[in-house]
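Welcome! Here is a short tour of a few residues and what surrounds them. Take a look at the structure, then read on.

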Amino acid sequence: MYSLNLTKERKVLLILIANSLSTEKEIEIDVETLKTVDFSAVLDEALAQAVHVLTFSSLKKYEEYVPKEVYEKWKTLFLKSCRKNLIVGNNQAEMVNVLSTNNLDYVILKGEASASYYPNP
């Protein structure tokens, strides 16, 4: 049997990702892990994998275990990304309106097109 050799930080990140994407029962992170994990490293990995926005909603449940400065940094990055996504979404809506008004066919490419498939886009 193949075994993944994951750090505690990567395991926590995977659980946050799974909980963000699932509508099923959440996977719990045990208290001992929450007390000993390096949340700064979890955030760094989330940024490296571009899932910091996706995972923030799952992180809220564990806020009391996350150092305040790390939580605030994650929250700020989340809010900045949300703002950017709103701007992109509004620009996209304008473009769709112009194209539709002029009876021009179009295809939306990249993340905006698939965002609606996730429970917390």
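## Aromatic pairs

A search of the whole structure turns up 2 aromatic pairs, where rings of Phe, Tyr and Trp (its six-membered ring) pair if their centres lie within 6.5 Å, and planes under 30 degrees apart count as stacked, over 60 as edge-to-face and the rest as tilted. One of them joins F56 and Y71 in a tilted arrangement, with 5.4 Å centre to centre and 40° between the planes. Because F56 sits in helix 4 and Y71 in helix 5 (residues 68–101), this pair ties together parts that are 15 residues apart in sequence. Helices here are DSSP runs (H or I, at least four residues), numbered from the N terminus.

F56 is buried, with a relative accessible area of 2%, and Y71 is buried too, at 6%. Buried means under 20% relative accessible area, exposed over 50%, and partly exposed in between (1.4 Å probe, protein chains only). F56 also pairs with F78, this time stacked, at 4.7 Å centre to centre and 25° between the planes. That pair links distant parts of the chain, with F56 in helix 4 and F78 in helix 5, 22 residues apart. Through these ring pairs, F56, Y71 and F78 are linked into a cluster.

## How the model was read

This is a predicted model: local features need pLDDT of at least 70, side-chain atom pairs count only at pLDDT 80 or more, and totals for chains, interfaces and linings use all residues. Residues are numbered from 1 along each chain as its sequence is written, and side-chain values use heavy atoms, with hydrogens and water left out.

## T55 in helix 4

Is T55 buried or exposed? T55 is buried, with a relative accessible area of 0%, and it lies in helix 4 (residues 52–59). Not counting residues up to four places away in sequence, T55 touches L13, L16, I17, S20, A46 and W74; contact means heavy atoms within 4.5 Å.

The side chain of T55 reaches the backbone oxygen of H52 at 3.4 Å.

## E9 in helix 1

E9 belongs to helix 1 (residues 8–21). E9 is buried yet has no salt bridge, meaning a side-chain nitrogen of Lys or Arg within 4 Å of a carboxyl oxygen of Asp or Glu. The nearest side chain of opposite charge, K8, is 5.9 Å away.

What does the side chain of E9 reach? It reaches the backbone nitrogen of D38 at 3.0 Å. Leaving aside neighbours within four places in sequence, E9 is in contact with V37, D38, A41 and V42.

Notes. Helices (H or I, at least four residues) and strands (E, at least two) are DSSP runs, numbered from the N terminus. Lys and Arg count as positive and Asp and Glu as negative; His and the chain ends are not counted. A polar contact is a pair of N or O atoms within 3.5 Å; within protein, one must be able to donate a hydrogen and the other to accept it, and residues adjacent in sequence count only if both atoms are side-chain atoms.
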